[in-house]
Amino acid sequence: MGSGSLIALIFAAVVFSAGGLAFAKFLNKGSTNPQKGETYECGIRTEGSPWNQFNVGYYLFALIFLIFDVELVFMYPWAVVAKKVGMMALFEIIVFIFILFMGFLYAHKKGALKWM
Amino acid sequence: MFSIENILNSFHEWLSSMLNQNMVMLLEMTLIAFFAITLFATLGLVLVYLERKVSAFIQIRKGPNRVGPFGIFQTTADTLKLIVKESFMPNSVDKFLYQLAPFIVMITAMLLLAPLPFARGVQIWNINIGVFYVTAVSSLSVIGILMAGWASNNKYSLLGAMRSGAQIVSYELSAGMAILSIIVLTGSLNLQDIIASQENGWWIFKGHIPAIVAFVIYIIAVTAETNRAPFDLAEAESELTGGFHTEYAGMRFALFFLAEYINIFIVCAIGATLFFGGWMPFHIGNWEAFNHVMDFIPSSIWFFGKTFFLIILIMWFRWTFPRLRVDQLLNLEWKYLLPISMLNLLVMTLIAIKGWHF
């Protein structure tokens, strides 16, 4: 099977999920209660909204990830041909990783990898 | 010989002789969808039961033992419970994203089945960039998790989702590096080619120490990527009650839960394919007689045996190591695993180019 199988798989996932949800809905009509729809917070009333400013630490990691992920994508085609190209491929990737590693050390020195 | 591959091929020919091309394709697509759904349901039932039994074994308990012989119908009963429960929606959620999130996670898990070689010649889609496809699609599931956490309008959910996002993207890097070190050896991204290259021995034995290091890094990274303990910060029960699926109930929760277990199966299957030769039987160099004896065990048994070995390994981690703190988790990845896996990749490249592997 070719790429058509992806359509089949997406279809299967949607049918499975939607079918399950519809079946559950069919079996259970549910009840109404004023307290039922409240946000869960271990028994106390929730204060404020979580849709707010959030700790920047996560975004720093996301940024560094982005750099390394692009690097990883670049390395896939390299890895496929590395054996054929020979020692030159190793030399080139050492230069490539060295430059990236310098950037990584810079980020580390600046404290981007320190939590809080 | 009597094998699944031959049965599938003759079935395809039989269909082609009776119907026209479009009908055959439509029918086969329906069959694939049916197969995928069956596999999902079966794996969900088996893996949840296995997890409970393994944890019971490790903690010297009995585990589920009431429903059916050895409690094998326990997960069926649990599924029934989840179906009859009301999957209600809190008032303050973002309704569209809240309902969409389980679908995204399920579709991602389902799409990952496509390039898996289940047995000799049994593969839904023999794509030439198989490994790349898996890494690309598996990173989509983080969107579903972030969506669920954000849309729930709950602080626990949002914290769990953000932690999960930071964790999944971080550990993806070292998992990718570990995968790359096998790609360097095989020179192909096609999963069938990778398996074919292990005909005279699996890479974990042929690739010397760098292959073993890559395997250890891969297992650690995928444990983190699937949000399993000791890296289960995304749903740390004692801190965040349920993490990103705190506000989900009933069937919607079941979908998240199922997708999580399917993801474990898929990453273990990929690990088994890359390092343990997938469906390739245990071969040693040119020991003809030994190799021939091993060929008598069907390839699907080899595949599922290796995959379940890795799954049990990951379950074993869960009950052995205590949960990490979020700063320890990110330190482990960025300060240890990533530099080690980079260095390991370079050593592996040297070995591959010089031809020092067996």
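The contact between the chains takes 55 residues from chain A and 61 residues from chain B, two residues being in contact if their C-beta atoms, placed from the backbone, lie within 7 Å. The model is predicted, local features requiring pLDDT of at least 70 and side-chain atom pairs pLDDT 80 or more, whereas totals for chains, interfaces and linings use all residues. Residues are numbered from 1 along each chain as its sequence is written, and chains are lettered from A and ligands numbered from 1 in the order in which they are written.

On the chain A side of this contact, helix 1, helix 2 (57-85) and helix 3 (87-109) each supply at least two residues; helices (H or I, at least four residues) and strands (E, at least two) are DSSP runs, numbered from the N terminus. Helix 1 of chain A gives the most to that side, with 18 residues. By class, the side of chain A that touches chain B has 38 nonpolar, twelve polar and five charged residues. In this classification Ala, Val, Leu, Ile, Met, Phe, Trp, Tyr, Cys and Pro count as nonpolar, Asp, Glu, Lys and Arg as charged, and the others, Gly among them, as polar.

Helix 1 of chain A covers residues 4-27, and its 24 residues should span 34 Å at 1.5 Å a residue, which agrees with the 34 Å between its end C-alpha atoms; the expected span is 1.5 Å times one less than the number of residues. The buried residues of this helix include A:L6, A:L9, A:A13 and A:F16, where buried denotes 20 or more other C-beta atoms within 10 Å of the residue's own, the C-beta atoms being placed from the backbone. Among the elements that cover the buried residues of helix 1 of chain A are helix 2, helix 4 (95-111) and helix 12 (250-276) of chain B. Leaving aside neighbours within four places in sequence, A:L9 is in contact with B:I32, B:A33, B:A36, B:M110, B:L111, B:L113 and B:A114.

A:L9 also belongs to the largest nonpolar core, of 132 residues, in which A:L9, B:M106, B:M110, B:Y218 and B:A221 touch the most other members. Such a core is a set of buried Ala, Val, Leu, Ile, Met, Phe, Trp, Tyr and Cys residues joined through C-beta atoms within 7 Å. At least three residues of this core come from each of domain 1 (1-84) and domain 2 (85-354) of chain B, the domain bounds being taken from an automatic or database domain assignment.

The centres of these two domains, taken over C-alpha atoms, are separated by 20 Å. In chain B, 20 residues of domain 1 are in contact with 21 residues of domain 2. Helix 2 of chain B gives the most to the side of domain 1 that touches domain 2, with eleven residues. By class, that side of domain 1 of chain B has 13 nonpolar, four polar and three charged residues.

The secondary structure of chain B comprises 15 helices and two strands, and 51% of its 358 residues count as buried. Among contacts in chain B between residues at least 6 apart in sequence, 77% join residues at least 24 apart. Within helix 7 (residues 155-186) of chain B lies B:G165, which counts as buried because it has 21 C-beta neighbours inside 10 Å. Beyond neighbours within four places in sequence, B:G165 is in contact with B:V142, B:I145 and B:L146.

Definitions and conventions
A residue is buried if 20 or more other C-beta atoms lie within 10 Å of its own, exposed if 12 or fewer, and partly exposed in between; C-beta atoms are placed from the backbone.
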